[in-house]
Every structure is written in structure tokens, then in C-alpha cells.
Amino acid sequence: MNNLKLRLAKEKRFQLYGILSITLALTLLSVLFISIFSQGYTAFQETKIQLNINFEQNILDPKKTRDWDVIKKSNFNILIRNSLQELFPDVSDRNEKRKLKKIISTSGEYQLRNYIRNNIESIGTSKKIWLLADDDVDMLIKGHINRILPEEERRIDNTELAWIEILETKKLIKKFFNKTFFTSGDSAESEQSGILGALIGSLFAIGITLIISFPIGIATAIYLEEFAPKNNKFIDFVEVNINNLAAVPSIIFGLLGLAIFLNFFEMPRSAPLVGGMVLSLMTLPTIIISSRVSIKAVPPSIKEGALGVGASEIQAVFHHVVPVAVPGMLTGTIIGMARALGESAPLLVIGMVAFIVDIPQSVTDPATALPIQIYLWADTPERGFAERTSAAIIVLLIFLILMNSLAVYLRQRFEKDIN
Amino acid sequence: MDNKNKTINSDDLLNQSPSKLDNTKTVGDIHVKDPRIIAKNINVYYGKKIAINNVSIDIGKNEVLAMIGPSGCGKSTFLRCFNRMNDTIESCKVEGELYLDKENILDKKTNVVPLRAKVGMVFQKPNPFPKSVYDNVAYGPKIHGMAKNKIELDEIVIKSLEKAGLYEEVKDRLDTPGTSLSGGQQQRLCIARTIAVNPEVILMDEPCSALDPIATARIEELIYELKENFTIVIVTHAMQQAARVSQRTAYFHLGNLIEVGPTDKIFTKPQHKLTESYITGRFG
């Protein structure tokens with residue numbers, strides 16, 4: 001009976017180790033999440049300043065042509081300057097005036113131009129418009145710049161601080177939901193930069209990966225598992241190499257893409273098309289291996305039953321084996337896709353690391369991807385980019401979680417269909 | 001080689017002492033008057049290992065033939081020759097001639113698809129498809145194009161379920177998964193699935209070994225009814241079952257067909273020592 005006690009103790013100890021390791025993993029995960037969220041959540045807001053803009057006829061359209069081609073060439077910056085002058089009449093020094101203009105983001109003039117383009121009848125009237133604030137102002141409002149610090153240690157000097165405080169008392173400065181972050185591409189100015197370009201780039205690349213690797217992967221798995229001759233040296237060789245491919249570091253696939261797709265086939269550089277092709281090389285072994293496992297898990301009695309009523313080999317496989325294996329195949333595919341979504345090394349090599357402002361319109365346009373955008377922003381010193389880095393990580397994590405939940409959901413749904 | 005297959009009838013046997021009996025010679029009459037299947041000199045190998053050694057036997061029309069024998073004697077392997085199920089096992093090689101309606105089904109040229117429609121099979125473990133009860137039965141007729149439209153298909157499904165004695169139990173839940181039925185019902189569903197394609201021969205590989213006595217009794221009843229329309233070959237471990245359902249019994253031992261004869265004779269007056277040992281429970 002002594003033995004029994006020992007055995008029970010062993011069992012208890014093992015359970016304890018298990019619980020401890022799970023707790024450790026969860027703690028580390030929550031530390032990661034908390035640190036990312038606490039740094040990133042402010043990026044989901046942007047600071048705007050309300051200015052009373054007078055769209056003067058003689059600045060925008062002196063000849064009253066009402067022609068957009070004429071109007072678009074006018075200097076919208078003057079409108080901002082005039083409006084600021086009105087707000088702060090004491091500022092008269094040239095340098096001071098320039099400094100004052102700087103509290104508004106350089107995107108201000110484009111914002112006004114776009115407004116007039118959509119509301120051409122507003123010429124000659126004055127409108128209250130919320131303009132994007134400069135990133136330093138944004139940081140101050142969000143509390144990332146300490147106002148109590150001595151002037152020389154602050155990015156905002158005393159005069160600027162005084163203006164901002166006046167704006168605050170007049171309630172002309174406010175935080176809004178950060179639409180810019182979700183609707184623009186990268187920018188050198190942190191307040192104008194957004195995730196959309198990288199997100200679209202990633203989705204294009206993943207789409208290409210899915211289109212290439214899903215059918216090929218599934219077909220390979222079905223062939224190897226159900227139709228390939230057993231005990232054939234060539235097939236064994238293929239199988240060993242698929243397993244080897246799964247273990248190859250992703251940067252090698254990137255170099256392969258560079259050498260073959262870019263240098264030999266002269267495909268466009270930095271394009272999600274090539275990115276997707278490289279990622280599919282990386283995803284294929286994952287899909288093949290997990291699909292084979294799920295095909296192998298289908299009880300052979302089902303196939304025998306089908307053959308027994310006179311189904312041909314192909315009918316037995318596609319009517320009975322594959323439907324049962326589908327949930328496993330989908331799970332493998334989605335996990336492969338999620339890995340591809342978070343992959344950056346191979347994309348760096350094929351040039352998806354460029355500074356790209358435009359949002360890609362097709363798979364051949366130059367683009368970056370989410371993890372690369374994170375890398376680029378993390379490399380930038382401005383405080384504004386630091387919070388955007390965290391925000392981009394949050395977006396990436398949300399996509400990964402969504403994909404993994406989809407995998408779980410699909411698996412459960414198909415399993416319910418079967419049982 | 002030739003005298004190996006020579007039939008030894010009971011008269012000869014009386015003049016011989018049991019110890020002289022050769023295991024490779026079959027005792028009893030392997031021939032029947034109106035044979036449906038004629039197996040001649042069947043050898044089956046798994047790799048280099050011989051699993052069935054030169055077996056010849058006829059199976060009559062509308063007859064239930066029971067194949068009995070200890071585990072590993074090759075009776076299931078032999079059964080699987082009749083619809084070429086052994087093709088699915090890579091290392092398995094079948095030699096000999098096996099005639100169904102004058103056609104040698106072991107011929108490489110024979111297409112297994114129509115063959116398996118003609119020779120249906122019920123497996124040891126109930127293996128309904130993970131689909132609805134209806135689809136389970138309708139699958140065979142569908143792939144063989146046996147129904148022109150939905151109404152005909154419905155008719156086939158209902159008839160098959162009725163013949164398998166399952167219709168009354170499942171008529172309200174034809175769309176529930178076949179796997180949700182009880183074990184006995186699942187096996188009857190598999191029988192319905194098999195008879196839906198209207199086979200001539202039904203092979204049953206220990207169809208009751210995974211079932212309780214009540215479900216077993218139902219299947220046995222069913223086999224008795226099915227014999228009116230089909231030729232049935234059943235492999236079984238339960239000797240009582242063989243005694244209850246079959247007209248003829250074949251006893252296998254280590255890949256050899258030891259004895260064939262009318263069931264009542266085999267069980268009451270076995271002629272071969274091995275048969276006698278087996279049915280009296282000395283091994284098995």
C-alpha cells in the first residue's frame with residue numbers, strides 16, 4: 001500500500017506541474033497583452049483643432065470660374081494661416097507665425113482642399129472645421145509629453161504650450177476616434193500615418209497564398225495518402241522532403257523568391273503577388289502535413305463500406321473520406337495562413353519593406369505587410385510612431401485571433417455535420 | 001498436386017484412420033448441384049506468408065454458407081476474395097479462379113465496380129457512412145444510376161430498409177445521421193445499404209460480433225429471410241449462429257479448407273478430427 005501512496009503523490013505532483021506551467025504561460029501572455037494595449041490604446045484617438053476657416057473667394061477662385069482645376073491650384077495654407085491669425089491676433093513675428101502654423105498637421109491644406117472639392121458652394125463662406133493637429137500637440141494632449149518638465153526638456157516650448165492651453169480653454173482642441181489610422185497608408189508624419197496600406201498588402205498576400213497553397217496542398221495530401229503507391233522509393237523521397245521543407249527557415253524561402261521570382265522571372269518587386277507566392281512555399285508543407293494527418297484519422301471502415309457497395313476508389317475518397325477530413329484540413333490551412341500573416345522575414349527579402357504611402361490597388365502594386373509595418377514603425381524614433389507600433393500589433397493580433405477562432409468554429413461546425 | 005484437391009467422401013473416410021487425414025485435403029463434398037460461385041484452387045498470400053492454401057468450393061444458389069474456424073484461419077481473407085476487397089490491401093496477392101456466373105472475377109480485366117454491386121458486403125463492425133440514414137441507403141443506387149428520379153430512389157430506399165427490417169424503427173428520422181442509431185440498427189442499416197444495389201450475393205464478415213444477443217437474433221432472422229432472394233456467405237465465430245442460419249458449413253483451419261458439408265451433418269457428425277475438436281470446443 002506504500003506503493004499506492006507514492007503513485008498518488010506522483011499523480012498529484014504531475015498535475016501541479018501542469019497547472020504551474022499553464023499559469024506561467026497565461027501570466028506571460030497577459031503581461032504581453034497588457035503592455036501592448038497600455039501603450040497602444042492611445043493610438044486609436046487623434047487630436048484635432050477646430051479652426052474657423054474663411055474660404056475667401058479671391059484666394060481660391062478670384063475669377064469665379066468655379067472650375068476645380070483652377071481652384072485646386074490655390075494655396076490652402078493661407079486659409080489656415082489667416083484663421084490662426086484671427087485666433088491669436090498678438091502673434092506678429094514671422095518666426096512665431098511659422099511656429100503657430102506648425103501646431104496644425106501638414107495635412108491641413110489637403111483636408112481643406114478635399115473639403116472644397118466636395119463642397120464647392122462653400123467658397124465665399126466661413127466654416128468651422130476640425131483640422132488634424134501636429135503629432136507633438138497630439139502627444140501633449142494625450143499626456144505623453146509632461147507639461148511640468150523644464151522647457152528645454154520638452155518638445156513643445158512655452159509659447160506653443162500657451163497657445164494650446166488657450167485652445168483648450170476655448171474647447172477648440174479635442175480628441176476624436178482615429179479614423180486616419182484605419183484609412184491611410186504609411187506617412188513620414190506620424191499623425192498622418194495609417195495601417196490600411198499594410199493591412200491591404202497583407203490581405204492580398206494572404207489571399208494569393210490561400211489560392212496557391214490550399215488546392216495544391218489538399219490535392220497533394222489526398223494523393224499521397226490515398227492514391228500514391230505504397231513502398232515506392234520516389235514517394236518516400238517526396239514525403240521526407242515535404243517534412244524537411246516544413247523545417248526550413250522562412251528567410252530561405254524569401255531568398256528563393258528573390259532569386260527565382262524576382263531575378264529570373266522578373267516579377268514586380270515589393271508586390272503582394274510575389275509575397276504570397278513565397279509565403280505559399282512556406283505554408284504548403286504545413287497544409288500537406290496537417291491534411292494528411294486528418295485523412296489518416298478517417299476510419300478505414302468508412303472507405304471499405306463505400307468500396308463494398310461498388311464505389312470506385314475516387315468516389316470512395318471524395319464522397320466519404322474527404323468530407324470527414326475537411327475540418328482537419330481547414331484547421332491546418334487556417335493555422336498555416338495565420339503563420340503566413342505573421343511572417344516578415346521572407347517579405348523583407350523580396351522588397352516588401354519599402355516606405356509605401358499609397359494603398360495598394362492590386363496584387364502587383366508595391367505594398368508592405370502588417371508585420372513589416374510594425375518593424376518599420378518600431379524603428380522610428382518619434383513618440384507618435386511608438387504608440388502606432390503597438391496599435392499595429394493589436395490589429396495584427398486581432399486578425400490572428402479572428403483566424404484561429406474561425407478555425408475552431410469551422411472545425412466544430414463540420415464535426416457537428418458529421419456526427 | 002492434383003490429388004490435393006481430390007474430394008474425399010465419407011465412404012473413403014470410413015476406411016481410413018483419422019490420423020492419416022491430410023489437412024490439405026478437403027473432407028466432404030465441395031460441389032453443389034446448382035452453383036452460383038465456383039472457387040477453384042484459390043491461394044492467397046500476404047507478402048510471402050500464405051493465408052489461404054489451395055481452397056476449392058462451390059456455393060449454391062439461394063444458399064447460406066457459413067464459414068467457421070479459429071481466429072487467423074483465413075476465413076475472412078477467403079470471403080474478401082469474392083468481391084475482390086483484398087485488392088485494397090497492398091501486400092495481398094490472390095491466385096486461382098473464382099467464377100461468378102461463368103465470369104472469372106479474379107481476372108485482372110474484371111472491373112470491380114459492377115462486381116461489388118453484384119456481390120455486396122456487410123462488415124464485422126457496423127460502418128454506416130457519416131451521413132443521414134436515407135443517404136446511407138441511397139448512396140449505392142445513386143452511384144450506379146439505378147434510380148431515374150427522386151421518387152424511384154425513395155422507393156428503393158424504403159424497400160431496402162423494409163427488407164432489412166429497419167424501416168419501422170427509422171421511418172420518422174431518415175434524415176438523422178446513420179451513426180446515431182444503435183449498434184444493431186447500424187448493422188441492419190449496413191445490410192439495407194448492401195441490398196439497395198440489388199446484389200446477387202451478400203458476403204457477411206462476422207456481422208454480429210459487435211452486437212448484443214437481441215440485435216444478433218434480429219440479424220439472424222434477417223439472414224433467414226434474405227436467403228429467399230440472395231446467396232449469402234457468412235463468416236462467423238459463433239458456432240450456434242452457423243448452425244442456426246446456414247444450410248452448408250465450411251470449416252477452415254490455418255488457411256486450409258478442412259471440411260465442407262450440410263450444416264446439420266458438420267455439427268452432429270464431423271468427419272475430420274480438427275472439425276470435431278473445434279466444434280466440441282477443444283480450441284478456437
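1. In chain A, the centres of domain 1 and domain 2, taken over C-alpha atoms, are separated by 46 Å; domain 1 covers 42-178 and domain 2 covers 196-418, with bounds that come from an automatic or database domain assignment. The contact between them takes seven residues from domain 1 of chain A and seven residues from domain 2 of chain A, two residues being in contact if their C-beta atoms, placed from the backbone, lie within 7 Å. On the side of domain 1 of chain A that touches domain 2 of chain A, the residues divide into three nonpolar, two polar and two charged (Ala, Val, Leu, Ile, Met, Phe, Trp, Tyr, Cys and Pro count as nonpolar, Asp, Glu, Lys and Arg as charged, and the others, Gly among them, as polar).

2. This is a predicted model, in which local features need pLDDT of at least 70 and side-chain atom pairs count only at pLDDT 80 or more, while totals for chains, interfaces and linings use all residues. Residues are numbered from 1 along each chain as its sequence is written, and chains are lettered from A and ligands numbered from 1 in the order in which they are written.

3. Chain A carries an open sheet of three strands in the order 2-1-3, with antiparallel pairing (strands pair if DSSP finds at least two bridges between them; strands are DSSP runs of E, at least two residues, and helices runs of H or I, at least four, numbered from the N terminus). Strand 2 (126-132) and strand 3 (173-177) of chain A are the edge strands, each pairing on one side only, and the twist averages 40° from one strand to the next.

4. Strand 1 (residues 45-54) of chain A pairs with strand 2 of chain A in the antiparallel sense over seven bridges, and A:I49 stands opposite A:L131 in strand 2. Helix 6 of chain A packs on the sheet, touching strand 1 and strand 2 of chain A, and its direction makes about 135° with that of strand 2.

5. The axes of helix 4 (residues 76-87) and helix 6 (residues 108-118) of chain A come within 8 Å and cross at roughly 105° (axes are lines fitted to C-alpha atoms, for helices over the stretch in contact, and angles run from 0 to 180 degrees between N-to-C directions). That makes helix 4 of chain A roughly perpendicular to helix 6 of chain A, a term for angles of 65 to 115 degrees. A:F76, A:N77, A:L79 and A:I80 in helix 4 meet A:G108, A:E109, A:L112 and A:R113 in helix 6.

Conventions. Parallel < 35°, antiparallel > 145°, perpendicular 65-115°, else oblique.
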